[in-house]
Amino acid sequence: MKKCFITLGLLLASLSYAQKNTEQKIDALLQKMTLEEKVGQLNQYTNDANPTGPLVINPNKEKEIKEGKLGSMLNVMGADRTRKYQELAMQSRMKIPLLFGLDVIHGYKITFPLPLAEAASWDLPLIEQSARIAATEAAASGVHWTFAPMVDIARDPRWGRVMEGAGEDTFLGSKIAYARVKGFQGNQLGDVTSVMACAKHFVGYGAAVGGRDYNSVDMSNRMLWETYLPPFKATVDAGVATFMNSFNDLNGIPATANAYLQRDILKGKWKFDGFIVSDWSSINEMIAHGYAKDSKDAAAKALLAGNDMDMESSAYRNYLVELVREGKVPETVVDDAVRRILRKKFELGLFDNPYKYCDLKRQEKALNNLEHAKVAREMAAKSIVLLKNEQNILPLSKDLKTIAFIGPMVKPKRNNHGFWAVDLKEVDSSYIVSQWEGLERKVGKNTKLLYAKGCDIEGNNRSGFEEAIAVAKQSDVVIVSIGERHDMSGEAKSRSNIHLPGIQEEFIQELQKTGKPIVILINAGRPLIFNWIADNMPTIVYTWWLGSEAGNAIADILFGDYNPSGKLPMTFPRDEGQIPLYYNHFSTGRPSKDDNDVVYKSTYIDLPSSPKFAFGYGLSYTTFSYTDLKLSSDKMKSNEQLSISFTLTNSGKYMGEEVVQLYLKDRFGSVVRPVKELKGFQKVKLNPGEQKTITFTIDNELLSFYNDQLQWISEPGTFDIMIGSSSQDIRLQSSFELMPN
Ligand code: GLC
């Protein structure tokens, strides 16, 4: 025991020595750097070839790198390309290496399911592994830094960027945020399989008014602290290297120049020692916001409020030297921003070897590792959500004679990569298994596969209906793959109408008339509205956009080689008129018990108020029973813990995984409390007939909330326990008292 204390002591001492050593090296660099060179470190430009925002072509990038006027580039990928730019940086006077950043959001060469789809897996180790593989491929390709994870809580499916996050719930979103940072950053920065992660978009971007991208956000500080900040805090707890602030104004102040967020909370209360990068040209966009008079004013406001690096607006490059010389921005503030950026360059090992990540052999090996595709296939299968299977059409038998595979999503490949796939020109992403190919590989030689497109994703061209109906009539079962195009969700892709586009629902109505068993696959980057299909079709599978292994994963599910286990990370509304609609809402003074309880209740007169599909919902080919709920006590004090256990049984005939969900309700408080809140979950694999005792531990942290003084407290009183298979499918209930201490 003594020995390990000594070892630990030595380890901590060596760590702090290394950190002290780095700070001393940074001090020495700052001493030598001119003000222009310091400002250069705060400047980031994109590679012109594949911009990810409104591009202002700047022809002098290579010259400015040699002059030390650039600290980082984004959208440069490849061991060779990054080496080229790094060689230019080594020609500068101070020879400070460049940082290369890229949106590695859900995979690099091998794409994984959209982050919202991965969230539907509720499988934290696998989500971490997915990020680990993305980091390994990206780091081998010269990338030091991914602009991920996006951890914006989002309750509005009209917002196109819901595809990029983990959905509506703070508890699930925080767990996933932590896992993704750990996956991207690995054991430590400086490993050649690790990249810096970037918690974005700080903060509140997902609460844009009307679900319209870049729109204003206005919320109470209590809502900010209770719902939107915790996933960001989870990234800090995970050691995230960087933050990116958001385009939106929050309560009247653009996040890019919001000192409360960046200085008081992030760098102050949370003691964040990384750096903050603005989002694309968001510094200059404060002019359009009406918050900065001009670019010079915007530069001053952003830096003074804590924004360290300027992505693509040139405001820092053009005005910071002048602002310091005029005494409007202290050079010490510039020094702090430079220090934060240099610290990460040291941690990545770039000063020891600027070409550390530019190894063509390592890149070749990392980008051709078949294990990556295997994990992507498992991740994709676990992200799929079974919404309906009323006549048990699924799983399909491999002895089926004829299968008709119909629809606009069956054969195209690109769509399956989804939005924010790494630029397909720059990275060979040709490895992608279409949905058709996945089925072709799955079925036996005695099964005939028939195809028809049937209709387009958009438009009203019905000319393909006839052929599709004829093909359907020749089959034993019909699989139809429909949805929205991959680029109908994503940045600047807000939709006022989130119904299935075009005439796809009408097409299904025509197919239904054939009387054939029909399986519907819905591909999308967000919750869609498809009420007629949901009410009239017996078998519906939500397949999101699943990445490189889409076809194989879908086939695995359809034929039962993987029993679907996904659970919705977002509520699916019946109509846009219900939005925002989320499960952990407040009760109101006139809550309605169910869709029939509408007289003088908080409901609509023209639509049921319940969701079409609830948060946490997802079916399996098997069934699970929840029994024997036991509490270690019916009371606890805030300095104690209480354990809850129950028996989960696989009561069906297929091996399967169940995501058991623990919800708590604080019956009353000094502020109103949600009708229920997710406070625990476990993904449990059971064979048919197998049982397992599941245990959750309740501690004071799970009972705490922000009161109206913004204090994080718990209050004595009664708490309801709800354990279920979804937020609406509660199987076991009980309650306990939190006693005064
Ligand atoms: C975009 C996005 C941000 C991304 C950045 C760089 O505008 O808002 O998420 O990381 O620019 O591509």
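Visitor: Which elements are included in what covers the buried residues of α4?

Guide: This is a predicted model, so everything here is computed from its coordinates. Helix α4 runs over residues 79-89, and its buried residues are A79, T82, Y85, Q86, L88 and A89. The cover over them includes α3 (61-66), β2 (72-74), β3 (99-102), α6 and α15 (360-366).

Visitor: α6 turns up there. At about what angle do α6 and helix α7 pack?

Guide: Helix α7 spans residues 170-185, and its axis sits 7 Å from that of α6. The crossing is right-handed. As for the angle between them, it's about 35°.

Visitor: And how many nonpolar residues does the contact of α6 with α7 have?

Guide: From α6 come L124, I127, E128, A131, R132, A134 and A135, and α7 puts in K175, I176, A179, R180, K182, G183, F184 and Q185. Sorted by class, that contact has 5 charged and 2 polar residues, and the nonpolar count is 8.

Visitor: What about α6 and helix α16, is that crossing left-handed or right-handed?

Guide: Here α6 (residues 124-140) meets α16 (residues 370-383), with axes that come within 10 Å and cross at roughly 145°. The hand of this crossing is left-handed.

Visitor: Which residues of α16 make that contact?

Guide: On the α6 side you'll find L126, I127, Q129, S130, I133, T136 and E137. By class, the whole contact has 5 nonpolar, 4 polar and 3 charged residues. The α16 side consists of H372, V375, E378, M379 and K382.

Visitor: Leaving out residues up to four places away in sequence, what does Q504 touch?

Guide: G483 shows up again among the neighbours of Q504.

Visitor: Is S313 buried or exposed?

Guide: S313 is in the loop between β10 (310-311) and α13 (315-325). Beyond four places in sequence, S313 touches S281, I283 and N284. Its relative accessible area is 7%, and the cut-off is under 20%, so S313 is buried.

Visitor: How many Å apart are S313 and S281, C-alpha to C-alpha?

Guide: Along the sequence, 32 residues separate S313 from S281. In space, the C-alpha distance is 4.2 Å.

Visitor: What is the relative accessible area of M655?

Guide: M655 is found in the loop between β19 (642-650) and β20 (656-666). Setting aside neighbours within four places in sequence, M655 contacts N563, N650, K685, L686, N687 and P688. M655 falls in the partly exposed class because its relative accessible area is 36%.

Visitor: And how far apart in space are M655 and S429, C-alpha to C-alpha?

Guide: These two are 226 residues apart in sequence. In space, M655 and S429 are 34 Å apart.

Visitor: Last one: how many disulfides does the count come to?

Guide: Take a couple of cysteines as context: C198 is buried at 0% relative accessibility, and C358 is buried at 6%. A disulfide needs a pair of cysteine sulfur atoms within 2.5 Å. By that rule, the number of disulfides is 0.

How values were computed:
Residues are numbered from 1 along each chain as its sequence is written. This is a predicted model: local features need pLDDT of at least 70, side-chain atom pairs count only at pLDDT 80 or more; totals for chains, interfaces and linings use all residues. Side-chain values use heavy atoms; hydrogens and water are left out. Buried means under 20% relative accessible area, exposed over 50%, partly exposed in between (1.4 Å probe, protein chains only). Axes are lines fitted to C-alpha atoms, for helices over the stretch in contact, and angles run from 0 to 180 degrees between N-to-C directions. Helices (H or I, at least four residues) and strands (E, at least two) are DSSP runs, numbered from the N terminus. A crossing is left-handed if the near helix is turned anticlockwise from the far one by less than a right angle, and right-handed if clockwise. Contact means heavy atoms within 4.5 Å. Ala, Val, Leu, Ile, Met, Phe, Trp, Tyr, Cys and Pro count as nonpolar, Asp, Glu, Lys and Arg as charged, and the others, Gly among them, as polar.
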